[in-house]
Amino acid sequence: MTVSARDGVPRYECTEFNPKQKEYVVLIPVINEGERIKKELIRAYRSRISDSADIVICDGGSTDGSLSYQFLKKVKVNTLLVKMDSGKQGAQLRMGFKWALERGYKGMITVDGNNKDSIENVTDFIKKLEEGFDFVQGSRFVRGGRAVNTPIIRLLAVRLVHAPIISLTAHHHFTDTTIGFRGYSAAYISDERVAPFRDVFASYELLAYLSVRASQLGMKVCEIPVTRKYPQKGVPTKISKLRGKYELLYILAKNLFGAYDP
């Protein structure tokens with residue numbers, strides 16, 4: 001089924017393998033992740049994540065054949081959403097969030113589809129959302145978290161630049177702010193003071209903005225331990241080395257000065 005573009009939501013194709021079964025949904029943004037997304041979904045299947053949450057792929061238009069219907073159904077993916085419009089990760093998340101709200105989920109957990117994060121921890125996010133938290137950030141730096149094979153440059157960038165700027169903007173101390181493994185209450189995403197369904201959130205702006213807006217509004221936020229494991233060789237990322245880093249810093253600066261506030 002093709003869903004037409006609306007204000008702040010791109011046009012997308014929706015293939016539902018099953019109706020809504022759980023109160024929470026795992027949204028996994030991907031594009032051409034190949035074997036990485038397959039391995040991640042197999043881990044989710046073996047950990048029986050679908051017993052606690054519906055698993056939904058938010059595809060940016062993959063062409064590598066990694067998301068065959070046969071495979072997705074085998075590993076108990078509930079729905080495949082395929083963006084048919086412009087925009088990058090932010091557009092994929094807006095697509096997933098809007099679809100999830102309209103389907104009536106109580107909360108959403110997002111996790112990257114590159115097999116770096118401990119998808120086995122999804123139930124920990126659900127517990128915090130059930131406790132009334134509106135934003136739950138996964139962290140490898142709090143007690144119980146693990147950072148495995150993290151490149152030193154990335155480690156320094158997170159600890160000395162990204163996390164301090166996000167914490168300053170959010171008026172709340174966060175230790176790990178680049179990980180997309182997070183939980184969001186439906187109340188947070190649907191709040192008119194948040195208004196995430198805007199085309200300004202095309203790439204990585206939405207992750208930065210949603211990291212800070214909840215605590216700015218006095219909502220309940222927290223961090224929970226997760227594991228992020230990089231491979232021994234090669235770093236799976238969609239961020240270019242120079243231009244991508246400049247864009248991230250530019251986004252952080254705009255976020256700091258409230259450029260994305262409604």
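**Exercise 1.** Find out which helix gives the most to the lining of the second largest pocket.

*Solution.* Helix 1 (residues 35–46) does, with four residues; helices here are DSSP runs of H or I with at least four residues, strands are E runs of at least two, and both are numbered from the N terminus. By class, the lining has three nonpolar, two polar and seven charged residues.

Before going on, note that this is a predicted model, where local features need pLDDT of at least 70, side-chain atom pairs count only at pLDDT 80 or more, and totals for chains, interfaces and linings use all residues. Residues are numbered from 1 along each chain as its sequence is written, and side-chain values use heavy atoms, with hydrogens and water left out.

**Exercise 2.** Work out the strand order of the open sheet, and which strands stand at its edges.

*Solution.* Start with the order: nine strands run 1-2-5-4-3-6-9-7-10, with mixed pairing (two strands pair if DSSP finds at least two bridges between them). Next, look at the ends: strand 1 (2–3) and strand 10 (221–225) each have a single partner strand, so one side of each has no neighbour in the sheet. Now zoom in on strand 3 (residues 24–30) and strand 4 (residues 54–59), which run parallel and are joined by six bridges. Here I28 sits opposite I57 of strand 4.

**Exercise 3.** Explain which parts the D112 and R228 pair ties together.

*Solution.* First, the contact: the side chains of D112 and R228 form a salt bridge, at 3.4 Å from N to O (the cut-off is a Lys or Arg side-chain nitrogen within 4 Å of an Asp or Glu carboxyl oxygen). Then place the partners: D112 is in the loop between strand 6 (107–110) and helix 4 (122–130), while R228 is in strand 11 (residues 227–229), so the pair links parts 116 residues apart in sequence. Over the whole structure, the search finds 16 salt bridges.

Methods
Nonpolar A, V, L, I, M, F, W, Y, C, P; charged D, E, K, R; others polar.
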